[in-house]
Amino acid sequence: MAYVGTKDPQTVVAGGGRAAAPKISGVQVHELGNVLTRSGFMTEIFRSDWPVIGISVHQINWVQLNPGAVTDWHAHAKQTDHLIGVGGNIKLALWDGRESSSTYGATDLVRIGALRPVLVIVPPGVWHGLRNESGEPAGYINAIDELYEHDNPDNWRLSPRSTDIPDIL
Ligand SMILES: Cc1cn([C@H]2C[C@H](O)[C@@H](COP(=O)(O)OP(=O)(O)O[C@H]3O[C@@H](C)C(=O)[C@@H](O)[C@H]3O)O2)c(=O)[nH]c1=O
């Protein structure tokens, strides 16, 4: 057979976990596990004794995305996000906007959802946006180390169509 096209690179390890380390310094992807029970399933989504956890949680938000919804790009000056998909299939796009970072300008994509639950840690200065790629409402949990200040949000945003960030969202 004549080989044309390109050969697939490795994308997952046996069992389905991501093969590649995160491409952005400080971003961490922690695989979670489901326990099937008599009544459904149970998933531990956050434990302070996991080695990846370096924060004290001060607030936990539940966010729901309508089918096909896409958020703005967000970044925070102080806050570290801990994102866990709990329904549907969400594309989480990441861009390193920290000029001092060894991975400045790098992008990454992680898919989060109940079928393959992961915890994604997004440090300050890393731009992130989410798109619900499923045809049903999709939810995610965000555990954060800073209280949201309603009169002074630690939140910078850009349109999902912004040309300041590569078009991956
Ligand atoms: C984040 C937040 C928002 N709000 C309010 C402000 C606003 O009226 C409404 C929606 O806020 P936002 O547009 O910031 O919500 P949202 O688009 O869900 O923003 C979130 O996006 C993800 C990607 C993140 O990174 C989060 O930190 C947060 O910024 O909810 C609170 O009352 N408390 C909160 O903790």
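**A guided look at the ligand and its surroundings**

Visitor: Is histidine 76 buried or exposed?

Guide: In this predicted model, the relative accessibility of histidine 76 comes to 10%. Because a residue is called buried when its relative accessible area is under 20%, histidine 76 counts as buried.

Visitor: How many residues surround the ligand?

Guide: The closest residues to the ligand are Gln59, His76, Asp81, His128 and Arg157. They belong to a shell that divides into 4 nonpolar, 9 polar and 2 charged residues. The number of residues that surround the ligand is 15.

Visitor: Which strand gives the most to the shell around the ligand?

Guide: Strands that each supply at least two residues of this shell are β4 (59-65), β10 (126-132) and β11 (138-144). The strand that gives the most, with 3 residues, is β4.

Visitor: How far from an oxygen atom of the ligand does a polar side-chain atom of aspartate 81 lie?

Guide: For the side chain of glutamine 79, an N or O atom is 3.2 Å from an oxygen atom of the ligand, and for the side chain of asparagine 155 the distance from an N or O atom to a ligand oxygen is also 3.2 Å. For a polar side-chain atom of aspartate 81, the distance to an oxygen atom of the ligand is 2.9 Å.

Visitor: What part of the area that the ligand exposes when taken alone does the protein bury?

Guide: The space taken by the ligand is the second largest pocket. Taken alone, the ligand exposes 650 Å², and the part of that area buried by the protein is 64%.

Visitor: How far apart in space are isoleucine 55 and glycine 97?

Guide: Isoleucine 55 has its place in the loop between β3 (41-43) and β4, and with 18% relative accessibility it counts as buried. Along the sequence, isoleucine 55 and glycine 97 are 42 residues apart. In space, from C-alpha to C-alpha, the distance between isoleucine 55 and glycine 97 is 22 Å.

Methods. Residues are numbered from 1 along each chain as its sequence is written. This is a predicted model: local features need pLDDT of at least 70, side-chain atom pairs count only at pLDDT 80 or more; totals for chains, interfaces and linings use all residues. Side-chain values use heavy atoms; hydrogens and water are left out. A residue is near a molecule or strand if one of its heavy atoms lies within 4 Å of it. A polar contact is a pair of N or O atoms within 3.5 Å; within protein, one must be able to donate a hydrogen and the other to accept it, and residues adjacent in sequence count only if both atoms are side-chain atoms. Accessible areas come from the Shrake-Rupley method with a 1.4 Å probe; for residues, only the protein chains shown count as cover. On a 1 Å grid over the protein atoms alone, a cavity is a set of points where a 1.4 Å probe fits but cannot get out, and a pocket is an open set with protein on both sides within 12 Å along at least five of seven lines; lining residues have an atom within 4 Å of a point. A molecule sits in a cavity or pocket if more than half of its atoms lie within 2 Å of its grid points. Helices (H or I, at least four residues) and strands (E, at least two) are DSSP runs, numbered from the N terminus. Ala, Val, Leu, Ile, Met, Phe, Trp, Tyr, Cys and Pro count as nonpolar, Asp, Glu, Lys and Arg as charged, and the others, Gly among them, as polar. Buried means under 20% relative accessible area, exposed over 50%, partly exposed in between (1.4 Å probe, protein chains only).
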